[in-house]
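Colleague: Before I rely on any of the labels attached to this model, could you take me through the rules behind them?

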Amino acid sequence: MSGAAVPPPDRLSSVSGGLHAAQDTGALTVLIVDERPEDRAALSHLVTAQGHRAVATAAGPAALQAFLREHPDLVLLDAASDAERTAEYLRVLSGDGFVPVVLLMPAAALAAPVDAGAWDRLGKPVQPEVLRAKLEGFARLRRLLHTMRLQRDALARHNQWLRREYQVAEAVFAEVMHSEALRSPHIRCLVSPQAVFNGDLVLAAHRPSGELQLMVGDFTGHGLSAAIGAIPVADIFHGMTAKGFPIPEIVAEINQKLLRILPRGLFLAAALVELDAASNTLSVWNGGMPDVLVTGGEREPVRARVASHSFPLGVVETAQLDCTTRTLQIGKGSRILLYTDGLTEAENGAGERFGAARLEACLGRGDDCLPTFERILSDLQDFRGPREQADDLTLVEVVADPAVNRHHTAAAATEAVQPRAAAAWRAAFSFGVDSLRAFDPVPSLMHFLLDAQRLHAHKQRIYMVLAELFTNAVEHGLLGLDSAIKAGPDGFSAYYREKERRLREATTGEIRVELEHAACATGGRLVIRVEDSGPGFDFAAALRMAEESHGANGRYFGRGIAAVRDLCAELSYHGRGNRAEAVYLWHSAQPGS
Amino acid sequence: MALSKSVSPDGKVVTIRVHGRFDFSTHQEFRDAYAGMSPAQRYVVDLAGTEYLDSAACGMLLVFRDSVGGNQADISIVNAAPEIRKTLSMLQFHKLFKIA
């Protein structure tokens, strides 16, 4: 991945071994500095006789020149020849290198303190055995030092290599984990650096139909192993949410992936929520996380909670995993709180834990003006006291504000994709009740549409049309559900419970979807036909009713169908009212507005 | 020693006791406790002396379960403190182990 100049870590250990062999002869280059030629000659003879190389010179500039030219390993410097200054020069010249200077002095003077620039001293006249011992000692020391230097340099290179690897990894990690949707003013999110290192993750994205999907997870294990697992999770979450997949299918997909890639014993506790702020519906899947809490609003106590109802991800086969979500109706302005156990397991000096009870006690406290999010952090800090401690906490708060649905920042990135030149094609699908029980085909159909014609800029609008027609065909056409159920206080939940029940009990029925595309004068023309095997309805009467009430609150033409009519050039019903046909036009020059 | 192990006289029940903190630092010891053991019929993990259990320890329990028979494994987790019991049920481990 990186340049070839730096050795990978596994080659580090071989460095010292290679050096040792090369230096084994132990021969030193010894610079002899003495004013008296006869002493120079005698010392040179001794040094050479012991197998080293001798270079002899007078003191002063000649000595310094010889030093620079010969790169000696050791200097024998006569104390009489302006030694102090020479030693100091030599020390400066040797710089970072280790070149010991041994002072030669009359034996009687050896008792005096050592000069600053010198390493050692020898009495004159020099005894051959003493010199041998000294030179051997220095040769050993030099070898040791050389090995140390090589290892130090190798370590420094290795360190630099690692740092570069980390930088690359960090950049990749940041890119994959980045959830544009978290910037919404209705989401507060705190993930401490320590928590990231411990495998916490927070992801958020919008479905094409506008609902917010958010995931908070906590990997077992720490550091790199946890971070590696987070990358495919983020990829799946962002990719599937953008294509409109609902939480149960995302949960199944992530579980499948983690089972395949994670070693046994490593898993991901996670909570996924989908907030449809338009209908104030919250769906929660909780696999091994603390309770997902819902409060009535700022500084309000806990109103509802969703405890863990499933295995964490990556523990059991997907068939054994409960992927279903729990659905609740929440009030506008409700707060949804998600956190990892790092928060409740934070300890004070006495080893007590912050705990879920203290956390929940924070929520209902209206005794000062601190918002809930800050209240929790402030209480946690008070609890822990001033001790130095690495934060390991992840806390996310989502406000159920209708505007949550409208933040399409994540979608903006895909708007740049240009449509393919309009082509003529037709595709037909049919889905029996069995397949409808098993999965929601709308995201897959969207995926197909986007691939075929690259209509990314129209993704949101086409999804609205397709999803609305399809949902109507299933809920009203096939299952005969009455939208009036939704009007009750617990309306949406009751409606979806009833839908689940009827779908479970249905034995026959079929939905056919036909997508037909062709070029037209201004761009492309996409026809979406959705047909159900149900009894149909009196669409002519319904249409009249809708016209009279300007499309609002009609029994059959609800908000959804009104939107479809706005988005499409034509919307018509055929047969006995069981076949809807929508015509969506796109213009080649049309910006993704 | 954070861990102790005992085998019933008939060799059928193996009991592993974890003392203090049951976390990643116990990893090697825990593995050693069941590695190379002749297969018993029943395993008991006694958490009476365990004051704290982290998610890495839960992962180790899964690995343990796999290595002694997976779905056929008979493992009881006993004497867990209420806090630990709560963690285990949050992770739905009562579906994989007998928690008593």
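What follows is a conversation about those labels and the values behind them.

Modeller: This is a predicted model, in which local features need pLDDT of at least 70 and side-chain atom pairs count only at pLDDT 80 or more, while totals for chains, interfaces and linings use all residues. Residues are numbered from 1 along each chain as its sequence is written, chains are lettered from A and ligands numbered from 1 in the order in which they are written, and side-chain values use heavy atoms, with hydrogens and water left out.

Colleague: What makes B:Phe30 and B:Phe64 an aromatic pair, and of which kind?

Modeller: Rings of Phe, Tyr and Trp (its six-membered ring) pair if their centres lie within 6.5 Å, and planes under 30 degrees apart count as stacked, over 60 as edge-to-face and the rest as tilted. For B:Phe30 and B:Phe64 the centres are 5.6 Å apart and the planes make 80°, so by that rule the pair is edge-to-face. B:Phe30 belongs to helix 1 (residues 27–34) of chain B and B:Phe64 to helix 2 (residues 55–67) of chain B, so the pair ties together parts that are 34 residues apart in sequence. Helices here are DSSP runs (H or I, at least four residues), as are strands (E, at least two), and both are numbered from the N terminus. Over all chains the count is 14 aromatic pairs, and ring pairs link A:Trp425, A:Phe429, A:Phe431, A:Phe439, A:Phe448 and A:Phe470 into a cluster.

Colleague: Why is A:Arg299 called partly exposed?

Modeller: Buried means under 20% relative accessible area and exposed over 50%, with partly exposed in between (1.4 Å probe, protein chains only). A:Arg299 has 31% relative accessibility, and therefore counts as partly exposed. A:Arg299 lies in the loop between strand 11 (292–295) and strand 12 (302–306) of chain A, and its phi is near 60°, a positive value in a residue other than glycine. Both B:Phe30 and B:Phe64, by contrast, are buried.

Colleague: How do you know that the charged end of B:Lys95 sits over the ring of A:Phe311?

Modeller: A charge sits over a ring if NZ of Lys or CZ of Arg is within 6 Å of the ring centre and within 35 degrees of the ring normal. The charged end of B:Lys95 is 5.5 Å from the centre of the A:Phe311 ring and is listed as sitting over it. The charged end of B:Arg21 likewise sits over the ring of B:Tyr52, at 4.5 Å from its centre.

Colleague: Which peptide bond is cis, and where does its proline lie?

Modeller: The bond joining A:Lys124 and A:Pro125 is cis, with omega about -5°, and A:Pro125 is in the loop between strand 5 (120–124) and helix 5 (128–177) of chain A.
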